[in-house]
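Colleague: I would like to learn how to read a few local features in a model, going slowly from one to the next. Could we begin with a contact between side chains?

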Amino acid sequence: MNNLTKQLANLYEPKWNELKQQLDAKGIKVQSPFMLGVALERNNQGGYVDESWWTDADLKVMVFGQEPLNWPMPILDDGSQVQSDDFVELYQRFYSDNYKGEYFLTDSDNHLAKNKFFSMGFNGIMSGIKDFVLGEQYSDKKVAYLWNNISKLSVGGRKGVDSGIHDLEKEYFHVIPQEIEILKPDVLIFLTGPGQNTYYSYIQDNFNVKGSPIPLAGNDIDAVAKLDIEGISLAYKTYHPTATKDGDRGITDAEKWKYYHAILDDMKEHIQEIFLKGK
């Protein structure tokens with residue numbers, strides 16, 4: 001493992017071991033914990049070694065989903081117990097197979113790559129940043145995108161973790177602040193849902209959000225908002241791509257796109273500040 005990925009692995013290992021002890025003691029079963037790694041397999045180099053796609057980028061964007069629903073468990077051929085490094089490699093294998101610099105492959109065999117979170121949300125934002133935010137003016141700038149989840153644990157299916165499991169994560173696997181410190185993204189986009197919901201409280205658990213969210217482009221503050229997060233150049237929160245309800249009212253994909261475009265408009269207005277800061 002290279003530098004950043006090794007730092008992440010060293011972060012995860014002791015915390016996961018302690019959390020696993022707590023989960024086992026309480027008889028709680030979870031899906032694979034969501035651990036990041038940025039060393040990818042490129043050009044048949046053998047092993048996950050290439051971090052340059054992230055480290056050399058002019059603009060680093062981290063997109064948060066809610067939680068890693070149905071994230072698979074690593075399969076070890078030798079029958080040994082799964083370790084934190086195996087979870088990191090699982091993430092890197094997914095990225096190596098599905099992320100090709102501009103989009104996640106929608107024709108991939110991996111069911112997660114066909115998920116609406118990627119096909120509409122992640123890929124839509126990537127396309128908008130490339131064509132609208134950067135455009136011809138900044139076409140020479142290299143952008144890298146990283147997927148994260150604001151909840152690192154899932155029980156599978158379509159049900160989020162309960163408050164008891166989340167409290168265990170907060171106490172024993174509180175890693176997102178250190179992930180940010182290690183990876184230093186410029187932009188955070190939270191596709192975690194409207195308003196002051198449970199996932200917004202998770203954002204507050206992990207980030208120093210200063211003041212109240214700021215509504216964008218005349219939209220309702222609960223629909224799309226800009227967040228002032230300490231240490232982050234730009235941060236936004238809006239609907240998850242699979243959202244179907246806004247209270248008692250259905251929400252259409254067209255409405256969600258309107259909110260995504262409000263984020264892109266604000267990014268375009270402020271993108272030069274990020275590039276000037278990087279000089």
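Modeller: Let us start with Glu-171 and Tyr-172, whose side chains are joined by a polar contact of 3.3 Å. A polar contact is a pair of N or O atoms within 3.5 Å, where within protein one must be able to donate a hydrogen and the other to accept it, and residues adjacent in sequence count only if both atoms are side-chain atoms. Please keep in mind that this is a predicted model, in which local features need pLDDT of at least 70 and side-chain atom pairs count only at pLDDT 80 or more, while totals for chains, interfaces and linings use all residues. Residues are numbered from 1 along each chain as its sequence is written, and side-chain values use heavy atoms, with hydrogens and water left out.

Colleague: Where does Glu-171 lie, and is Glu-171 buried or exposed?

Modeller: Buried means under 20% relative accessible area, exposed over 50%, and partly exposed in between, with a 1.4 Å probe and protein chains only. Glu-171 has a relative accessible area of 58%, so Glu-171 is exposed. Glu-171 lies in helix H5, and helices are DSSP runs of H or I with at least four residues, whereas strands are runs of E with at least two, numbered from the N terminus. Asp-167 also belongs to helix H5, which covers residues 163-172, and counts as partly exposed because its relative accessibility is 44%.

Colleague: Which residues gather in a patch of negative charge on the surface?

Modeller: Like charges are joined within 9 Å, with the place of a charge taken as CG of Asp or CD of Glu. Here the patch of negative charge brings together Glu-18, Asp-162, Asp-167 and Glu-171. Glu-171 and Glu-18 are 153 residues apart along the chain, and their C-alpha atoms are separated by 9.9 Å.

Colleague: Which backbone oxygen lies 2.9 Å from a polar atom of the side chain of Asn-98?

Modeller: That oxygen belongs to Phe-94. Asn-98 lies in helix H3, residues 84-98, and is buried because its relative accessible area is 1%.

Note on methods: Patch = residues over 30% accessible without salt bridge, like charges linked within 9 Å, V, L, I, M, F, W, Y side chains within 5 Å. Areas by Shrake-Rupley, 256 points an atom, 1.4 Å probe, with all protein chains shown as cover. Salt bridge = Lys/Arg side-chain N within 4 Å of Asp/Glu carboxyl O. Lys, Arg positive; Asp, Glu negative; His and termini not counted.
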